[in-house]
Amino acid sequence: MLEFLKDITFKANDVVVRAIDILLRNYISIAGLCFLLFITSNLSTFLALYFDSSNYFIKVILLLAFVGLYFSLQLVLLKNAIVLAKGEKKPGFWGFVPSLSQFINYIFGLIIYSLIAIVIYMIMYVLCFPLLFVGFSMDTVRYEVHPFLTGVVMLFVLIRTTFYPFFIIEHGFNTIRSYKFSLAMTKGNVMRLLVIILAVASTHLLQIGTEYLGYTLVSKILSLVNSFIIIPVVSVVMSVVYIDMMKAYKGGSEPSLMDNII
């Protein structure tokens, strides 16, 4: 067990080191996209407040515009990270812009993930219900046990499905096929991915903790660190992991959904 944990940690460290090296050599291009995401997110919040009393049609148009822009930028960032991680020649501006089909499949994937989250949220309530009969209070189950168990399960789901956008943006697969490949490729790699995610998400967890404790200034500083350091690192780290797992993948061109869920 100790050797297994050492091996997992070593592989995770190797991935992070390689990703940081790629990021340092290409920081401007990746951080520039992260800056655009940061501006888009904050500008949408500002305009939502500014146009709060405006015509409903205008607010819907602005919402659709910002949703389209924000998620398109995410796909551009993903494509850029993949190209850099593979060491390929950059395809030019239009080579990074996602097609309408890729954008729709990406959004559909987010909807599927949201539906999975809702289903798991309800199932965990059912599974937690018997705790009321063994002495747990309703508040403990509702605000402590249920959120914790739901978070653990959703973390597992996130690890298994997080690579579906990579197959959409690089191979042009539809959403369902991309989900199948993500499940197939991450099968047997959950612990490795968990260590990597915990390593790169530590600053975000600190930001949440400081915000919860009321350290506003520290929280704002960590927010900037997340936006311009952690998010660029995460995008490259996940691209490096994706490329490594694709090289090691020995499955077929049409992986079975049911065979790869567990």
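Predicted model: local features only at pLDDT ≥ 70, side-chain atom pairs only at ≥ 80, totals over all residues.

Modeller: Let's start with aspartate 244, which forms a salt bridge with arginine 18, their closest N and O atoms sitting 2.9 Å apart.

Biologist: Why is the pair of aspartate 244 and arginine 18 called a salt bridge?

Modeller: The cut-off is a side-chain nitrogen of Lys or Arg within 4 Å of a carboxyl oxygen of Asp or Glu. Here the N and O atoms are 2.9 Å apart, so the pair qualifies. The structure holds 4 salt bridges.

Biologist: What ties lysine 86 to glutamate 170?

Modeller: Another salt bridge, at 2.6 Å from N to O. Lysine 86 is in helix H3 (residues 56-86) and glutamate 170 in helix H7 (residues 164-171), so the bridge joins parts 84 residues apart in sequence. As for accessibility, lysine 86 has 37% and is partly exposed; glutamate 170, at 24%, is partly exposed too.

Biologist: How do you know that arginine 177 and glutamate 254 form a salt bridge?

Modeller: Their closest N and O atoms are 3.2 Å apart, and the limit is 4 Å, so they pass. Arginine 177 is in helix H8, glutamate 254 in the loop between H11 and helix H12 (257-261), and 77 residues separate the two.

Biologist: Is glutamate 254 buried or exposed?

Modeller: Exposed: the value is 52%, and the label needs over 50%. Arginine 177, at 25%, is partly exposed.

Biologist: How do helix H5 and helix H8 cross?

Modeller: The axes of H5 (residues 100-128) and H8 (residues 175-186) come within 9 Å and cross at roughly 65°. The crossing is right-handed. On the H5 side the contact is made by Asn105, Phe108, Gly109, Ile112 and Tyr113, and on the H8 side by Thr175, Ile176 and Tyr179.

Biologist: How many of those contact residues are nonpolar, polar or charged?

Modeller: In the contact of H5 with H8, 5 are nonpolar, 3 are polar and none is charged. Tyr counts as nonpolar and Gly as polar in this scheme.

How values were computed:
Residues numbered from 1 in each chain as written. Heavy atoms only, no water. Axes fitted to C-alpha atoms, helices over the stretch in contact; angles between N-to-C directions. Helix = DSSP H or I, 4+ residues; strand = E, 2+ residues; numbered from the N terminus. Left-handed = near helix turned anticlockwise from the far one by under 90°. Contact = heavy atoms within 4.5 Å. Buried < 20%, exposed > 50% of the residue type's maximum accessible area, 1.4 Å probe, protein only.
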